[in-house]
Amino acid sequence: MSQPEYTTAQANALTNHDRKPIHIPGSIQPHGVLLALSTQLEILQVSNNTQVYLGKEPEDLLGRPLSYLIDPRQVEIVKQCLVKKIGSAQVFKVSINTLHGERYFDAIAHRTEDAVILELEPTNCESEVSFLGFHALAGEAIAKMQSTSNLIEFLHSVAEEVQKIIGFDRVMVYQFDESEAGSVVAEVKREDLSPYLGLHYPATDIPAQARELYTRCFLRFLPDLTAEPIKLVPTENPTTHQHLDLSYCLLRSFDRCCTEYHQNMGVKALLVISIIQEQKLWGLISCHHQTPKYISYEVLKMCEFFGQIVSSELAHKISYSEWDYKVKLKSLQSEFLESISQADNFIDALIKPEIRLLDLVSASGAAVCLDNEINLVGTTPNIHEVQALIEWADTQVSDNLFSTDSLPKLNSEALIFKDTASGLLLLRISKVRRYYILWFRPEVIQTVHWAGNPQESMQAQPDGSFTLSPRKSFEQWQETVRLTSLPWKPCELDSAIALRNAIVGIVLSKADELAKINLELERSNQELASFAYAASHDLKEPLRGIYNFSTVLLEDYAQVLDEDGIECLQTVVALSVRMETLINALLRLSQLGQAQLRLQATDLNELLNQVIDVFRASRQDSRLVDIRIPRPLPTVLCDRVLVNEVFSNLLGNAFKYNDKAEQWVEIGYLDEGLATRDWRLGKSFLNPIPIAPNPHYPLSPEGAPPSPIPITPYPQRGPHLPQSPIFYIRDNGIGIPHHHLETIFRLFKRLHSQEKYGGGAGAGLAIVKKIVELHNGKIWVKSTVGVSSMFYFTLE
């Protein structure tokens with residue numbers, strides 16, 4: 001079999017194995033009894049060992065109400081499961097009269113989608129462990145864990161304390177990596193046992209469906225792996241005719257593969273406690289014993305609680321261990337961004353001094369690509385190899401940020417320069433222009449110690465297929481890993497994203513279109529110059545003094561002020577910042593009033609692409625932004641810079657004032673011959689046009705999204721048709737109350753407080769209206785509160 005065929009067969013074997021329904025085994029472990037109840041608490045299924053524990057045959061219990069077995073007070077406890085979420089357990093002690101006298105059980109009840117499950121585990125005591133007893137067992141262990149800030153010491157302490165509580169032969173802390181494989185990162189064991197510390201295990205050892213169950217159920221206890229499972233009677237739920245879902249059952253029986261796997265390790269009893277981080281399975285506390293070993297339910301619950309404490313503490317230990325490095329990156333980042341913002345030459349700011357660009361993500365080399373100009377820093381592939389790598393990225397990488405620690409495995413041509421670039425972190429700054437930063441890391445040859453050959457779990461069958469089987473050997477097996485670099489840390493990726501956001505703002509602020517606006521402003525009349533001077537100098541200078549002196553008072557004299565004085569100064573600082581924002585908005589509006597239009601034929605598709613690129617670049621969650629363009633926009637005569645500002649403001653508002661989980665905006669136009677307006681009545685009557693799907697402008701699967709704001713048909717062409725189409729921007733946002741539809745275009749008019757929807761000066765729509773009127777156009781809006789808004793404008 002060729003290597004590709006072998007790899008495919010492996011993938012199929014893994015997929016089939018991951019689909020095994022281990023949550024519906026149809027049987028339980030024999031150290032307890034299970035009853036499946038209807039929502040009326042009638043017994044529908046029982047485990048086939050009720051005679052042993054309850055002195056009653058399964059047939060004597062089926063169809064009976066639960067009150068036949070336990071007293072009414074305990075039935076009421078079980079009934080509470082009906083109003084709780086799936087998986088939430090009700091735990092209580094229960095006594096049952098049997099042929100052998102009164103017996104005590106730990107009762108655990110929970111609800112599934114179709115039934116209520118009651119598990120009964122025999123106990124020698126009718127009373128529960130007191131809180132003080134519980135605290136005595138767990139308190140010392142928790143205090144010891146919390147006393148260390150070192151992650152490795154913490155994990156070793158976890159293993160030690162769990163072993164003290166349960167007395168198992170071996171307790172390990174097992175951590176998953178990005179590929180779902182894992183390794184033993186802490187271990188406490190009996191002296192005569194072989195160590196597993198530092199050994200790696202393939203993802204197939206704990207398949208996907210098992211990991212998913214560990215994520216939902218924090219505890220798994222198998223006291224005797226040699227015990228025969230007990231079948232359920234009947235096999236299927238008689239109401240649903242489905243196998244009973246035992247996902248949350250402590251008594252759920254174990255898979256044959258799990259049994260063989262652990263027996264091959266010499267294990268007879270198993271306890272597994274989940275470690276959860278950010279709602280994901282970070283790892284497991286895996287406990288092995290060489291002989292069958294039973295643990296009381298109280299101790300099991302303490303272990304589950306202990307696991308939750310470990311999960312909580314682990315987040316602090318990880319954060320602490322990474323804190324110093326993150327602080328270093330943040331400091332470098334702030335210094336670097338300040339130098340870029342103040343530099344006249346963008347390239348020089350990025351690569352001089354070069355060490356800052358490399359230290360920003362701990363790379364050994366970098367390449368800065370601005371269109372066809374490439375600058376290399378540190379240890380990198382040569383110019384031609386970097387150019388080829390960028391060509392590959394143009395076709396293979398769609399995200400703005402891409403990282404890999406094994407580039408040669410993705411791009412075979414990268415084998416040539418694996419010594420300098422086995423690791424790649426690529427940052428796309430712009431999709432309109434070819435702006436990239438690439439960071440490189442060299443190959444690091446690693447020796448990985450596996451617990452046995454991981455390939456042994458893949459068994460070839462006579463028909464050429466592959467199946468997963470439990471490995472029989474766990475002797476240390478070495479593998480040399482090549483063509484990989486040190487992995488990129490999340491905080492390094494965050495540092496790259498922060499750099500991109502800063503660069504986008506800096507580059508765009510110095511772009512050609514903004515330069516043209518500045519040129520026009522310089523040629524404006526004396527009145528505009530006088531106003532600009534008054535706004536930027538005469539008004540802002542004393543305002544800056546107010547801000548600076550207030551800040552000095554807060555920083556240097558806070559100790560001599562009472563709380564009211566400090567609060568007043570903080571208010572002065574906040575108000576001065578707010579006033580500067582308002583002054584800047586007044587200045588912009590005044591500039592527009594004096595501007596001379598630079599009319600030119602403008603392809604609105606090209607212009608809108610630039611607007612969307614800038615918009616996406618300014619949002620970290622740009623992948624969640626859904627912008628729909630049903631058909632290509634026309635070419636119109638306009639001032640492209642100012643119209644760019646119109647689309648930017650309207651698009652930004654559409655997403656800013658949107659509280660939906662799935663946000664979208666549609667941008668389009670109505671044909672000149674199919675629209676008319678009655679300005680005297682302040683109404684618009686728009687005749688919709690048929691929209692054909694265009695492959696260059698993606699639609700939803702059903703075509704254009706339905707309009708929440710109805711477009712009213714109008715049968716006749718009116719006498720005052722515009723010379724250009726009517727453009728619209730439609731969203732599914734919060735909407736605008738009807739009595740505000742006109743006032744929203746007033747300067748500094750905000751419908752919400754500064755604390756809501758990102759704040760702002762309230763000048764955006766006033767500026768949009770001014771630009772549209774400079775083009776002799778009109779702008780208006782239709783809206784339904786809580787549903788949608790639709791802005792229309794023309795450029796006559």
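# Briefing: a helix pair, salt bridges and a buried serine

The axes of helix α20 (residues 640-656) and helix α21 come within 9 Å and cross at roughly 145°. Axes here are lines fitted to C-alpha atoms, for helices over the stretch in contact, with angles from 0 to 180 degrees between N-to-C directions. Helices (H or I, at least four residues) and strands (E, at least two) are DSSP runs, numbered from the N terminus. This is a predicted model: local features need pLDDT of at least 70, side-chain atom pairs count only at pLDDT 80 or more, and totals for chains, interfaces and linings use all residues. Residues are numbered from 1 along each chain as its sequence is written, and side-chain values use heavy atoms, with hydrogens and water left out.

**The α20 and α21 pair**

- The crossing of α20 and α21 is left-handed (the near helix is turned anticlockwise from the far one by less than a right angle; clockwise would be right-handed).
- On the α20 side, the residues that meet α21 are Leu-642, Val-643, Glu-645, Val-646, Asn-649, Leu-650 and Asn-653.
- On the α21 side, they are Gly-764, Leu-765, Ile-767, Val-768, Ile-771, Val-772 and Leu-774.
- The residues of this contact divide into 10 nonpolar, 3 polar and 1 charged. Ala, Val, Leu, Ile, Met, Phe, Trp, Tyr, Cys and Pro count as nonpolar, Asp, Glu, Lys and Arg as charged, and the others, Gly among them, as polar.
- Helix α21 (residues 764-774) also holds Lys-769 and Glu-773, which are 4 residues apart and so separated by about one helical turn.
- The side chains of Lys-769 and Glu-773 form a salt bridge at 2.5 Å, N to O.
- Lys-769 is partly exposed at 27% relative accessibility, and Glu-773 is partly exposed at 38%. Buried means under 20% relative accessible area, exposed over 50%, and partly exposed in between (1.4 Å probe, protein chains only).

**Salt bridges elsewhere**

- The structure holds 21 salt bridges (a side-chain nitrogen of Lys or Arg within 4 Å of a carboxyl oxygen of Asp or Glu).
- One of them joins Arg-730 and Glu-666 at 2.3 Å, N to O.
- Arg-730 is in strand β29 (residues 726-731) and Glu-666 in strand β26 (residues 664-670), so this pair ties together parts 64 residues apart in sequence.
- Both ends are buried: Arg-730 has a relative accessible area of 4%, and Glu-666 has 1%.
- Another joins Arg-434 and Glu-391 at 3.0 Å, N to O.
- Arg-434 lies in the loop between β17 (423-430) and β18 (435-441), and Glu-391 in helix α12 (residues 383-396), 43 residues apart.
- Arg-434 is partly exposed at 25%, as is Glu-391 at 46%.
- Lys-93, Asp-106 and Glu-298 are linked in a salt-bridge network.

**A buried loop residue**

- Ser-422 sits in the loop between α14 (418-421) and β17.
- Ser-422 is buried, with a relative accessible area of 0%.
- Beyond its neighbours within four places in sequence, Ser-422 has contacts (heavy atoms within 4.5 Å) that include Thr-404, Asp-405, Phe-417, Arg-441, Leu-483 and Ser-485.

**Confidence**

- The chain has a mean pLDDT of 77, and 71% of its residues reach 70 or more. pLDDT is the predictor's confidence in each residue, from 0 to 100.
- Over residues 1-17 pLDDT stays under 50, and the model has 21 contacts there beyond four places in sequence.
- Over residues 673-722 the pLDDT is below 50, with 84 contacts in the model beyond near neighbours in sequence.
- Where pLDDT is low, the predicted coordinates should not be read in detail.
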